[in-house]
Amino acid sequence: MSKICLLTCDAGKSGETLHDYPELPGLVYAVPYVKLPHTWGFVMERDDTKEVIGYILGATDTRAFEKAASETWWPLLALKYPVEGENKIVGKPADGRYAKLISNMNAIEQECIDFSPAHLHINILEGYQGKGWGRRLIGRAIEYLRDEVGLDGVFLGVDMRNTDAMMFYERLEFRRWSGAPEHSFGLKFSDWRS
Ligand SMILES: CC(C)(COP(=O)(O)OP(=O)(O)OC[C@H]1O[C@@H](n2cnc3c(N)ncnc32)[C@H](O)[C@@H]1OP(=O)(O)O)[C@@H](O)C(=O)NCCC(=O)NCCS
């Protein structure tokens, strides 16, 4: 999952050449959802090789997830990737940006939490994009969040350079609701047409 995150982390494109610490995108956007409470996720694997080729994951309760991460996840990473002092990490600019983010993680805007407590991230390897798998992964996530958790919607944040992802979300009826931060999209499950 961390590898898939790296290969799609630069507004949907590979971030491999941007990092001397290639694990950083996954440590921020994928691994916490495996390690921390208040999270959910599904991976997509090939039938024949069992290779994992995509995933969708998130938090069912974003504020509770943020609290757990701020207590147990970001402090450990901040020790490993310090932004100042004699052990300060020396890497590429993107490594520095991730290290700064880890040392000072922003809280999600309240407008998003008001829309839904749940958020998601979805990432599929390039060779498997554009074949309907993204729609199916979103459908599986909705089944889980609606039918098993009892929620009525989900939100996500998107890099404003990632126009392909925005077209995808819009096609699936995700919307910028009234009062939404510019980079946020949300879906009410009543609008979902599988
Ligand atoms: C964004 C992503 C999850 C979409 O998944 P996908 O499998 O490529 O998309 P699908 O093939 O399931 O497309 C679903 C629908 O969206 C439409 N769509 C997808 N990308 C589109 C685009 N760039 N422009 C217009 N429509 C698009 C498809 O035509 C399809 O419509 P239909 O089902 O009504 O026929 C996937 O491409 C991906 O992982 N990209 C890299 C990582 C990334 O950018 N993640 C999002 C970060 S916010």
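Q: Helices (H or I, at least four residues) and strands (E, at least two) are DSSP runs, numbered from the N terminus. On that basis, where is Lys50 found?
A: This is a predicted model. In it, Lys50 is in the loop between β1 and β2, the latter spanning 52-59.

Q: What about phi of Lys50?
A: Phi is positive, about 65°, although Lys50 is not a glycine. Most residues other than glycine have a negative phi.

Q: Is Lys50 buried, exposed or in between, and at what relative accessible area?
A: Lys50 is partly exposed, at 47%.

Q: And His38, what is its phi?
A: Near 65°, again a positive value in a residue other than glycine. His38 is in the loop between α3 (32-35) and β1 (39-45). It is partly exposed, with a relative accessible area of 36%.

Q: Switching to the ligand. Which residues come nearest?
A: Ile124, Gly130, Gly132, Arg135 and Arg171, out of 22 residues around the ligand.

Q: Which elements supply at least two residues each of that shell?
A: β3 (119-124), α7 (133-149) and α8 (163-171). The most comes from α8, with 6 residues.

Q: How does the shell divide by residue class?
A: There are 9 nonpolar, 9 polar and 4 charged residues.

Q: How much of the ligand does the protein bury?
A: 74% of the 930 Å² that the ligand exposes when taken alone.

Q: OK, salt bridges. How many in the structure?
A: The structure holds 11.

Q: Start with Lys67. What does its side chain meet?
A: Glu71, with N to O at 2.9 Å. Both residues sit in helix α4 (residues 62-80). They are 4 residues apart, so about one helical turn separates them.

Q: Which residue pairs with Arg146?
A: Asp147, the closest N and O atoms being 2.8 Å apart.

Q: What does the side chain of Asp159 meet?
A: The side chain of Arg161, in a salt bridge of 2.7 Å, N to O. Asp159 is partly exposed, with a relative accessible area of 31%. Arg161 is exposed, with 52%.

Q: Which residues are joined with that pair in one network?
A: Asp10 joins Asp159 and Arg161, through salt bridges that share partners.

Q: Last topic, Asn123. Where is it, and is it buried or exposed?
A: Asn123 is in strand β3. Buried means under 20% relative accessible area. Asn123 has 14%, so it counts as buried.

Q: Which side chain makes a polar contact with that of Asn123?
A: Thr8, at 2.8 Å.

Q: Beyond neighbours within four places in sequence, what is Asn123 in contact with?
A: Ile4, Thr8, Gly54 and Tyr55.

Conventions:
Residues numbered from 1 in each chain as written. Predicted model: local features only at pLDDT ≥ 70, side-chain atom pairs only at ≥ 80, totals over all residues. Heavy atoms only, no water. Near = heavy atom within 4 Å. Areas by Shrake-Rupley, 256 points an atom, 1.4 Å probe, with all protein chains shown as cover. Nonpolar A, V, L, I, M, F, W, Y, C, P; charged D, E, K, R; others polar. Salt bridge = Lys/Arg side-chain N within 4 Å of Asp/Glu carboxyl O. Buried < 20%, exposed > 50% of the residue type's maximum accessible area, 1.4 Å probe, protein only. Polar contact = N/O pair within 3.5 Å; in protein donor to acceptor, adjacent residues only side chain to side chain. Contact = heavy atoms within 4.5 Å.
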